[in-house]
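Me: I am new to this structure and would like to learn how to read it step by step. Could you take me through its features one at a time, with the general idea before the case where there is one?

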Amino acid sequence: MDTNVRPETMERITTPELARTFIAEQIAALQAQIGDKKVLLALSGGVDSSVVAALLIKAVGKQLVCVHVNHGLLRKGEPEQVVDVFRNQMDANLIYVDAVDRFLDKLAGVSDPETKRKIIGAEFIRVFEEEARKQSDIKFLAQGTIYPDILESADGIKAHHNVGGLPEDLQFELVEPVKLLYKDEVRVVGKELGLPDNMVYRQPFPGPGLGVRCLGAITRDRLEALRESDAILREEFAKNGLQGKVWQYFTIVPDFKSTGIRDGKRTFDWPVIIRAVNTRDAVTATVEDVPFPLLQHITARITAEVPGVNRVLYDLTPKPSGTIEWE
Ligand code: XMP
């Protein structure tokens with residue numbers, strides 16, 4: 001039997017009861033597979049890897065070694081939340097790697113979007129590999145592969161291996177406990193495992209993170225403006241009932257400045273672009289009709305609270321003709 005094919009008889013996990021049954025089965029299966037050996041997991045804090053971590057913590061406790069790489073391109077508060085949830089609340093074996101300078105130094109002066117993506121992906125593997133080499137007796141590598149990843153890689157659309165590309169001498173047996181689940185099922189399981197709602201119901205976030213929203217060559221000051229404006233947007237969408245309703249929303253900071261005025265003095269600062277879109281599958285997307293007074297309020301907050309920003313723009317472009325991300 002091909003273990004990468006979802007059996008037709010497998011019921012869609014839509015309720016806490018079904019999630020509990022799945023969790024119990026997986027814990028037993030993980031314990032049988034892993035025994036007393038150690039498992040390594042790259043824990044980004046996204047839904048899939050977080051659910052895999054929570055399952056493994058329940059199944060094998062401290063035999064799981066989680067590695068959280070902070071590449072400096074995460075949203076405000078995310079690295080702190082990973083440490084708080086997994087180390088403090090779940091008592092997991094968590095290695096936190098502050099690789100911010102490493103990534104930003106490698107990316108300095110690089111403006112081509114695909115080159116930026118490649119650098120971020122390759123550097124991630126290098127950091128993870130270094131951490132893996134510091135560990136002894138690791139037998140397994142856990143991954144948050146989900147069913148759409150398997151379907152897409154079978155179609156040749158994309159390679160799904162989250163930490164694919166580790167060198168020959170560093171190959172582990174894979175542990176992929178949610179590989180037959182769809183995203184909505186992963187969320188139901190995550191909720192039942194006790195993960196916080198803002199982790200379980202998180203909007204999609206690209207692997208290269210804020211790196212593809214800090215347009216052109218990334219600089220630390222524009223990255224900071226991006227992180228702060230994104231945090232304000234998320235806070236205001238949550239307060240105004242748009243969190244969970246709008247599929248994906250974020251800010252973008254381009255690499256040009258414009259003239260403005262503040263306290264009677266001329267300024268020359270960056271604009272922040274807001275994007276908020278709805279879609280089913282990310283192939284096409286429509287723009288959310290955000291109430292104008294809310295856009296004005298967000299504009300007032302961003303221009304008052306984020307240093308180096310003097311304008312806010314709203315992207316009115318559906319996909320096509322614009323993609324969801326700007327790079
Ligand atoms: P686009 O910009 O192509 O985005 O309309 C469609 C969806 O894919 C996400 N996206 C990425 N996700 N790595 C990812 O993991 C990437 O390099 C990447 N680029 C875009 C984007 O956020 C949107 O949800």
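Predicted model: local features only at pLDDT ≥ 70, side-chain atom pairs only at ≥ 80, totals over all residues.

Me: What radius of gyration does the protein chain have, and what would a compact globule have?

Reply: For 327 residues, a compact globule would have a radius of gyration near 20 Å, and the 21 Å of the protein chain agrees with that. Of these 327 residues, 35% are buried. As for contacts between residues at least 6 apart in sequence, 74% of them join residues at least 24 apart.

Me: Which residues of helix 5 are buried, and where do they lie around its axis?

Reply: The general idea is that an α-helix has 3.6 residues a turn, so residues three or four places apart point the same way. In helix 5 the buried residues are K116, I120, F124, F128 and A132. Viewed down the axis of helix 5, these buried residues fall within an arc of 135°, so they line one face of the helix. The face turned away from that buried side carries the exposed residues E114, T115, A122, E130 and R133. The cover over the buried residues of helix 5 includes strand 1 (38-42), strand 2 (64-70), helix 4 (100-107) and strand 4 (138-142).

Me: Where is K118 found, and is K118 buried or partly exposed?

Reply: K118 is found in helix 5, and K118 is partly exposed, with 13 other C-beta atoms within 10 Å. Between K118 and D84 there are 34 residues in sequence and 30 Å in space, taken from C-alpha to C-alpha.

Me: Which residues does V110 touch, leaving aside those up to four places away in sequence?

Reply: V110 has its place in the loop between helix 4 and helix 5, and touches T115, K116, I119 and A217, when residues up to four places away in sequence are not counted. With 16 C-beta neighbours inside 10 Å, V110 counts as partly exposed. V110 and I218 are 108 residues apart in sequence, while their C-alpha atoms are 7.3 Å apart in space.

Me: How many residues of helix 7 are buried, and what do they pack against?

Reply: Seven of the 10 residues of helix 7 (residues 183-192) are buried, so this helix is largely enclosed by the rest of the structure. The buried residues are E185, V186, R187, V188, V189, G190 and E192, and they pack against helix 1 (16-34), helix 2 (47-60) and helix 8 (197-200). Helix 7 is followed by G194, which has a positive phi near 90°.

Me: Which residues other than glycine have a positive phi, and where are the cis peptide bonds?

Reply: In general, most residues other than glycine have a negative phi, and most peptide bonds are trans. Here D263, in the loop between strand 7 (258-262) and strand 8 (265-278), has a positive phi near 50°. D263 is exposed, with 5 other C-beta atoms within 10 Å. A282 also has a positive phi, of about 70°, and A282 lies in the loop between strand 8 and strand 9 (286-287). With 14 other C-beta atoms within 10 Å, A282 is partly exposed. As for peptide bonds, a cis bond joins K319 and P320, with omega about -15°, and another cis bond joins P320 and S321, with omega about 20°. P320 is in the segment after strand 10 (309-314), and S321 is placed in the segment after strand 10 too.

Me: Which residues are around the ligand?

Reply: They are R117, P204, P206, G207, P208, Q248, A282, K319, T323, I324 and E325. This shell divides into five nonpolar, three polar and three charged residues.

Methods. Residues numbered from 1 in each chain as written. Near = placed C-beta within 6 Å. Nonpolar A, V, L, I, M, F, W, Y, C, P; charged D, E, K, R; others polar. Buried ≥ 20, exposed ≤ 12 C-beta atoms within 10 Å, placed from the backbone. Helix = DSSP H or I, 4+ residues; strand = E, 2+ residues; numbered from the N terminus. Arc of directions from axis to C-beta. Contact = placed C-beta atoms within 7 Å. Rg over C-alpha atoms; globule rule 2.2 N^0.38 Å.
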